[in-house]
Amino acid sequence: MTADDSGAASRDTDTEDEAVSNIPVNDPPGVGDEGDENNIAVRLEQLILGADRRYTPFQAARGAGVSMDLAARFWRAMGFADIGQVKALTEADVLALRRLAGLVEAGLLSEAMAIQVARSTGQTTARLADWQIDSFLEGLTEPQDSGLTRTEITYPLVELLLPELEEFLVYVWRRQLAAATGRVVRAQDDAEMVDRRLAVGFADLVGFTRLTRRLEDEELGELVEAFETTCSDLVAAHGGRLIKTLGDEVLFAADDAGIAAEIGLRLIETMAHDETMPELRVGIAFGTVTTRMGDVFGTTVNLASRLTSIAPKDTVLVDQAFAEELGRIGDAPVSEADAAAAEKAAEEGTGAPPPTYRFALQPMWQRPVRGLGVVEPWLLNRRD
């Protein structure tokens, strides 16, 4: 080996070491800890992952046949922390890298799309895992008088729940994937798969900021959970999709304006009969929406948010496009005057039976909305 070769080799090694220090993985439990809690943490990791730590980040990337840079981007996208050169990875980590890289190499995904897959999966499952552990431990350890600490009871609890939760997670994911695929197949063209015309609605608890100052943390948590559960159940039951929850606010979408209208009114009616809940206000808009990673974006979403902020309590406000869409599909009259004339003609026997409408629309005052120009909201109600 020449002097130049030696220098090149040294520089390559430095590059590898630098890349290794930046590769992120999940925080290795027990690193730097001592005692029983460290042992339990390591045992829990082995139980959940089903394997021992075998590889450093560099070894995992090399075993998967990917560059350190790409491996680091995948791991960061999944939400895992940098750990330097700690030997903390398993065979499953190598396989996951290999699979993602294989999808890119086969041309099934672009590199950017593979990063998005990693990020969306990591964000969704991180929240799910946190919720499950918090809920299960709180619900199953507090009532017991076993003399065991929460740390000590975690291992047998996870051991019992792990296989059942894994099976259920795969089942729900397949069901959701089938539903999402069906919506894509029914889209009229390729552009509609990304930029689609949807009804988008926000439901917002009135006076939530004041509640945060008055209620204890536990009471506030219970209220938010009850609100999110009620909204989730109602949205799903009537054919909509819950996009996300924001504590005192939920965002939902529906392919059909009639479905969104029913959801909005049901939310108001249900919350009004619950004395533990604050008043609710709902805003819904209809139009082109961009979908990314399970979320929705665009002017239609912004308009729905603005309508929610100006809606009186216990009411549903919709935009002009939503009102027109309800008229187009026959769920509301295009004109109340025309509907009244048709009803009168039918009563006098001089006209055909009038259509049966589900909803009534009342035009409200026009007002400027920051960033959206002048907006004419419509008050949505059920038709008597």
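What follows is a working chat about a predicted model of a protein.

Biologist: Before we start, what kind of model is this, and how are residues numbered?
Modeller: This is a predicted model, where local features need pLDDT of at least 70 and side-chain atom pairs count only at pLDDT 80 or more, while totals for chains, interfaces and linings use all residues. Residues are numbered from 1 along each chain as its sequence is written, and side-chain values use heavy atoms, with hydrogens and water left out.

Biologist: OK, how many helices and strands does the protein have?
Modeller: The protein has 14 helices and 12 strands. Those are DSSP runs numbered from the N terminus, with helices being H or I of at least four residues and strands being E of at least two.

Biologist: And how much of it counts as buried?
Modeller: 36% of the 384 residues. Buried means under 20% relative accessible area, exposed means over 50%, and partly exposed is in between, using a 1.4 Å probe and protein chains only.

Biologist: Which residues have the most contacts inside the largest nonpolar core?
Modeller: Leu280, Ile284, Phe322, Leu326 and Leu380, in a core of 39 residues. Helix H11, residues 257-272, gives the most to this core, with 8 residues. A nonpolar core here is a set of buried Ala, Val, Leu, Ile, Met, Phe, Trp, Tyr and Cys residues joined through side-chain atoms within 4.5 Å.

Biologist: You named Phe322 and Leu326. Which residues of helix H13 are buried?
Modeller: In H13, residues 320-328, the buried ones are Phe322, Ala323, Glu325, Leu326 and Gly327. After H13 comes Gly330, with a positive phi near 85°.

Biologist: What about strand S8, which residues are on each side?
Modeller: S8 covers residues 315-318, with Thr315 and Leu317 on one side and Val316 and Val318 on the other. Those residues are all buried, so both faces of the strand are covered.

Biologist: Which strands does S8 join up with?
Modeller: Strand S6, residues 280-292, runs parallel to S8 with 4 bridges, and strand S12, residues 378-382, runs antiparallel to S8 with 3 bridges. Two strands pair if DSSP finds at least two bridges between them. Val318 is the bridge partner of Ile284 from S6, and in S12 the bridge partner of Val318 is Trp378.

Biologist: Switching topic: what happens in the hairpin of S4 and S5?
Modeller: S4 (residues 241-245) and S5 (residues 249-254) pair antiparallel over 4 bridges, and Thr245 has Val250 in S5 as its bridge partner. There are 3 residues between the strands, and Gly247 takes a positive phi near 80° in that hairpin.

Biologist: How many aromatic pairs turn up?
Modeller: A search of the whole structure finds 2. Trp75 and Phe80 have ring centres 5.2 Å apart and planes at 45°, so that pair is tilted. Phe168 and Tyr171 form a tilted pair too, at 6.0 Å centre to centre and 40° between the planes. Rings of Phe, Tyr and Trp (its six-membered ring) pair if their centres lie within 6.5 Å, with planes under 30 degrees apart counting as stacked, over 60 as edge-to-face and the rest as tilted.

Biologist: Which charged end sits over the ring of Tyr155?
Modeller: That of Arg43, 4.2 Å from the ring centre. The rule is NZ of Lys or CZ of Arg within 6 Å of the ring centre and within 35 degrees of the ring normal.

Biologist: Last one: where is Thr90, and what is Thr90 in contact with?
Modeller: Thr90 is in the loop between strand S2 (81-82) and helix H5 (91-105), and is buried at 1% relative accessibility. Leaving aside neighbours within four places in sequence, Thr90 is in contact (heavy atoms within 4.5 Å) with Leu49, Ala51, Asp52, Arg53 and Tyr55.
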